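Colleague: Please take a close look at one part of this model and describe how its side chains are placed and what they meet.

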Amino acid sequence: MKNLFFTITLIIGLNSFAQEKTQSEYQKPEYQSDLVKFDSDSNTVELTGNVNFKTEIIELQNAEKILFNKETMKLL
């Protein structure tokens with residue numbers, strides 16, 4: 001009986017400390033360029049030629065080339 005009580009208490013306790021997957025609150029970036037290449041294997045977007053790129057954190061204008069990972073939302 002003690003083992004059953006201990007097991008149930010342990011399961012409830014561990015479940016209460018489990019982390020939920022949080023959704024990113026970042027908005028999708030806005031970009032314009034002459035050429036867009038998407039690599040589905042690495043989930044990256046390569047923007048080339050007069051690139052304008054804007055997020056809520058950073059804004060780049062007239063860049064020659066930008067490599068952006070859509071999964072991690074980071075510039076490479």
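Modeller: E46 has a relative accessibility of 22% and counts as partly exposed (buried is under 20% relative accessible area, exposed is over 50%, and partly exposed lies in between, with a 1.4 Å probe and protein chains only). This is a predicted model, in which local features require pLDDT of at least 70 and side-chain atom pairs pLDDT 80 or more, while totals for chains, interfaces and linings use all residues. Residues are numbered from 1 along each chain as its sequence is written, and side-chain values rest on heavy atoms, with hydrogens and water left out.

The partner of E46 is K65, and their side chains form a salt bridge at 3.6 Å, N to O (a side-chain nitrogen of Lys or Arg within 4 Å of a carboxyl oxygen of Asp or Glu). E46 belongs to strand β3 and K65 to strand β4, so this contact ties together parts that are 19 residues apart in sequence. K65 itself is exposed, at 54% relative accessibility. The structure holds 1 salt bridge.

Strand β3 covers residues 44-54 and pairs with strand β2, residues 35-39, in the antiparallel sense over 5 bridges (pairing requires at least two bridges found by DSSP). Within this pairing, F38 stands opposite V45 of β3. The hairpin of β2 and β3 has 4 residues between its strands, and N43 there takes a positive phi near 55°. Overall, the protein has 1 helix and 5 strands, in the order α-β-β-β-β-β from the N terminus (DSSP runs: H or I of at least four residues for helices, E of at least two for strands, numbered from the N terminus).

In a regular strand the side chains alternate between the two faces of the sheet. The largest nonpolar core has 7 residues: V45, L47, V51, F53, A63, I66 and F68 (buried Ala, Val, Leu, Ile, Met, Phe, Trp, Tyr and Cys joined through side-chain atoms within 4.5 Å). Both β3 and β4 supply at least two residues of this core, and the largest share, 4 residues, comes from β3. Across the protein, buried residues make up 14% of the 76 residues.

Apart from residues up to four places away in sequence, F53 touches P29, E30, Y31, L47, I58, E59, L60, I66, F68 and L75 (contact means heavy atoms within 4.5 Å).

A search of the whole structure finds 2 aromatic pairs (rings of Phe, Tyr and the six-membered ring of Trp, with centres within 6.5 Å; planes under 30 degrees apart are stacked, over 60 edge-to-face, the rest tilted). Y31 and F53 form a stacked pair, 6.5 Å centre to centre with 15° between the planes. Since Y31 lies in strand β1, residues 30-32, and F53 in β3, the pair ties together parts that are 22 residues apart in sequence. Y31 is partly exposed at 35% relative accessible area, whereas F53 is buried at 2%. The ring centres of F53 and F68 are 5.2 Å apart and their planes stand at 55°, so this pair is tilted. With F53 in β3 and F68 in β4, residues 59-69, this second pair ties together parts that are 15 residues apart. Both F53 and F68 are buried. Through these ring pairs, Y31, F53 and F68 are linked into a cluster.
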